[in-house]
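Hi,

Here is the structure I said I would pass on.

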Amino acid sequence: MMKHHKGFRTDVFRGHILGTGTSSGIRVVVGIWPLSPLGSFSDCMIAMPDGQRVLLAPNEAVASYVGSTYSFDEVQIVAVNARVDDEVAVVTAGDLRLTADIGRVTMLGRLLGAIPESVSASTHFARLCDPVARVAMPGVRTVGSAGNGRQEFYSARQVRAVTGVSGEFGDVDLGALRPVQPSPDFGFSSTPRTPALTAVTTTVRVPEPA
């Protein structure tokens, strides 16, 4: 979805973000976006134990957009496939194979689920939530400045716990589920420290040429 707002083009992405840490030290953040200005797509952000940040994108358009919004040391164009159901998320992307077990809706998720989506998906709601998110989930922001003068808003609609993970990245076994620590530092906001699958509406305001 694309709109315009006071000198900015407003792009709206609606889908899920899966964030998990692993005992290998590799942290993975997967965006699953059935509705977006770029069409339906998924992408994977990977933080290696040494701090290297890798983007796995399905095409040049996604790589350019995501790479202009977040920070990476390496970008790979690979086939990215991700599916989510009530019990599991399965992701394949280049050398990445990831299966995450999905648990119950968290307490925060239940609170968010009680809010009408017309409210919870708005940028105004994201602004209101930002001070709370900073305290309740250290490192998490719901409003901030992204790359190249962009403004970004995260509006969560539901949160479910990730209860287990398995897979590999290249020849490295991901190992067992761990908190997402240290922060991957892809952008102004981190994924929650506790592994989770979050239903989210992400709004990106992109400066329009003068």
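Below is what turned up when I went through it, starting with the pocket. Keep in mind that this is a predicted model.

The largest pocket holds about 1,000 Å³ of space. Its lining counts 49 residues, and the ones closest to the centre are Val140, Tyr154, Ser190, Pro192 and Thr198. Quite a few elements give two or more residues to that lining: strands E2 (8-22), E3 (27-35), E4 (41-47), E11 and E14 (196-207), plus helices H1 (60-69), H2 and H4 (123-136). Which of them gives the most? That would be H4, with 6 residues.

**Around Gln158**

Gln158 sits in strand E11, which covers residues 151-169. Leaving aside residues up to four places away in sequence, Gln158 touches Val105, Gly109, Leu112, Leu197, Thr198 and Ala199. Thr198 is also among the residues closest to the pocket centre. Ala114 is 44 residues from Gln158 in sequence, yet the two C-alpha atoms are 9.4 Å apart in space. Gln158 has a relative accessible area of 32%, so it counts as partly exposed.

**A nonpolar patch**

Met107, Leu108 and Leu111 make up a nonpolar patch on the surface, with about 320 Å² of accessible area together. Leu108 belongs to helix H2, residues 107-113. Is Leu108 buried, partly exposed or exposed? It is partly exposed, because its relative accessibility is 37%, and the band for that label runs between 20% and 50%.

**Salt bridges**

The count comes to 3 salt bridges:

- Arg9 pairs with Asp11, with 2.9 Å between the closest N and O atoms. Arg9 is partly exposed at 23% relative accessible area, whereas Asp11 is buried at 1%.
- Asp73 pairs with Arg53, and here the closest N and O atoms are 3.4 Å apart. Asp73 is in the loop between H1 and strand E6 (74-77) and Arg53 is in strand E5 (residues 53-57), so this bridge ties together parts that are 20 residues apart in sequence. Asp73 is partly exposed at 48%. Arg53 has a relative accessibility of 19%, so it counts as buried, given that buried means under 20%.
- Arg83 and Asp85 meet through their side chains, at 3.4 Å from N to O. Arg83 is partly exposed at 47% relative accessibility, and Asp85 is partly exposed at 35%.

A few backbone angles are worth a look. Where is the cis peptide bond? It runs from Gln181 to Pro182, with omega near -10°. Pro182 is in the loop between strand E13 (177-178) and E14.

That loop between E13 and E14 also holds Asp185. Asp185 is not a glycine, but its phi is positive, near 60°. Its relative accessible area is 48%, which makes Asp185 partly exposed.

Asn148 is another non-glycine residue with a positive phi, about 55° in this case. Its place is the loop between strand E10 (143-145) and E11. With a relative accessible area of 62%, Asn148 counts as exposed.

Cheers

Definitions and conventions: Residues are numbered from 1 along each chain as its sequence is written. This is a predicted model: local features need pLDDT of at least 70, side-chain atom pairs count only at pLDDT 80 or more; totals for chains, interfaces and linings use all residues. Side-chain values use heavy atoms; hydrogens and water are left out. Helices (H or I, at least four residues) and strands (E, at least two) are DSSP runs, numbered from the N terminus. Buried means under 20% relative accessible area, exposed over 50%, partly exposed in between (1.4 Å probe, protein chains only). Contact means heavy atoms within 4.5 Å. Patches are made of residues with over 30% relative accessible area and no salt bridge: like charges are joined within 9 Å, nonpolar side chains (Val, Leu, Ile, Met, Phe, Trp, Tyr) within 5 Å. Accessible areas come from the Shrake-Rupley method with a 1.4 Å probe; for residues, only the protein chains shown count as cover. A salt bridge is a side-chain nitrogen of Lys or Arg within 4 Å of a carboxyl oxygen of Asp or Glu. On a 1 Å grid over the protein atoms alone, a cavity is a set of points where a 1.4 Å probe fits but cannot get out, and a pocket is an open set with protein on both sides within 12 Å along at least five of seven lines; lining residues have an atom within 4 Å of a point. Grid points are joined across faces, edges and corners, and a volume is the space filled by probe spheres set on the points.
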